[in-house]
Amino acid sequence: YGTIFRLSPDGVYTVLRHLSYATDGTNPRGHLVQAKDGNFYGMTYGGGPNGTGTIFRITPAGTFTVIKSFNKTTDGGNSYGSLTEGKDGLLYGMTYPGGSFGYGTIFKITTSGTYTVIRHLNSASDGAYPQGDLIQASDGNFYGVCYSGGSNGNGTIFKLTPAGAYTVLRHLSASLDGGNPFGNLYQHTDGFLYGMNRTGGAKTSGTAYRISTSGAFTLLHSFVPETEGATPNGGFVRGSDGNLYGFTSSGGSTGGGVAIKMNTSGAVTILTSFDGSIKGNAPYETLIKGRDSAYYGTVSNGGLYGYGAIIKICGGTTTPVYSFNRNADGGTP
């Protein structure tokens, strides 16, 4: 049912928790966040006492505690995303389905487990089925995306104040904007929020865009599936050069997805194409920038054993750092 692990900079891999269906929850689909208390927090997609996922805390030493078991009807459940620590010290997140209308929820939770639903999503007006993370922008508000719903059925981009006021900034149109976002927004130093859509655009293979905090939307790039890949399943991270780095999860010259960089005008450069063997393929989630200024990420299959890998991108070279051996390590990150 999945694992929680740590990996040292020199490649030493340690499993901290082999997840148990009934008690821990199963199949986590987001990443961990380290809160101000020094502990890590995350969510599982399924399992737990109610079968629809959990929110947990794990210490750096590996002590694991479930702080919330989702009740799908009242809380939402089956989260695809990750938690975000707000400036108030609370953890904010989203669930994929459930809640009063069945289309997901936005919530906050204390590190001790007090849980509050901020918004029960209503598909036509709000968007539906969020599959990513919230970010808290420099204005103090939270921003995120819904995978579907909205007035065009292709998802929404929204703003949420800490007090709970919800505003749709953009009802996405697949043909004009791209649609079905699966990931998170990133606020650049220019104040704009940058993101990617899985579908739509000129080649129907996904798009990259920016949007202001007041809702001014600009389509920056439509992905070319044969070279740049298609269906991005994550967000951007900013490099020290001011460019944005990210993944597409399929397509490209070898068919397994592509790592890209994009400038703020939308010009895309291919960093590497995933080949399904040593480097793996089908990258999901978002790259992170290490303290060594290299970029690290995961691919969901391929690698030495076929169950995915952790990769490092530095100086134009992509290196597998670790290949998952499913029975021992877990797999399909």
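## An antiparallel sheet

Ile-135 stands opposite Tyr-143 in strand 12, strands here being DSSP E runs of at least two residues and helices H or I runs of at least four, numbered from the N terminus. The model is predicted, so local features need pLDDT of at least 70 and side-chain atom pairs count only at pLDDT 80 or more, while totals for chains, interfaces and linings use all residues. Residues are numbered from 1 along each chain as its sequence is written, and side-chain values use heavy atoms, with hydrogens and water left out.

Strand 11 pairs with strand 12 (residues 142–146) in the antiparallel sense over two bridges, where pairing requires that DSSP finds at least two bridges between the strands. Both belong to an open sheet of four antiparallel strands in the order 11-12-13-14. Strand 11 (135–136) and strand 14 stand at the edges with a single partner strand each, so one side of each has no neighbour in the sheet.

## Aromatic pairs

The structure holds 21 aromatic pairs (ring centres of Phe, Tyr or the six-membered ring of Trp within 6.5 Å; planes under 30 degrees apart are stacked, over 60 edge-to-face, the rest tilted). Tyr-80 and Phe-182 form one that is edge-to-face, at 5.9 Å centre to centre and 85 degrees between the planes. Because Tyr-80 lies in the loop between helix 2 (72–75) and strand 7 (84–85), and Phe-182 in the loop between strand 14 (166–171) and strand 15 (186–187), the pair ties together parts 102 residues apart in sequence.

Tyr-80 is buried at 16% relative accessibility, and Phe-182 is buried at 15% (buried is under 20% relative accessible area, exposed over 50%, partly exposed in between, with a 1.4 Å probe and protein chains only).
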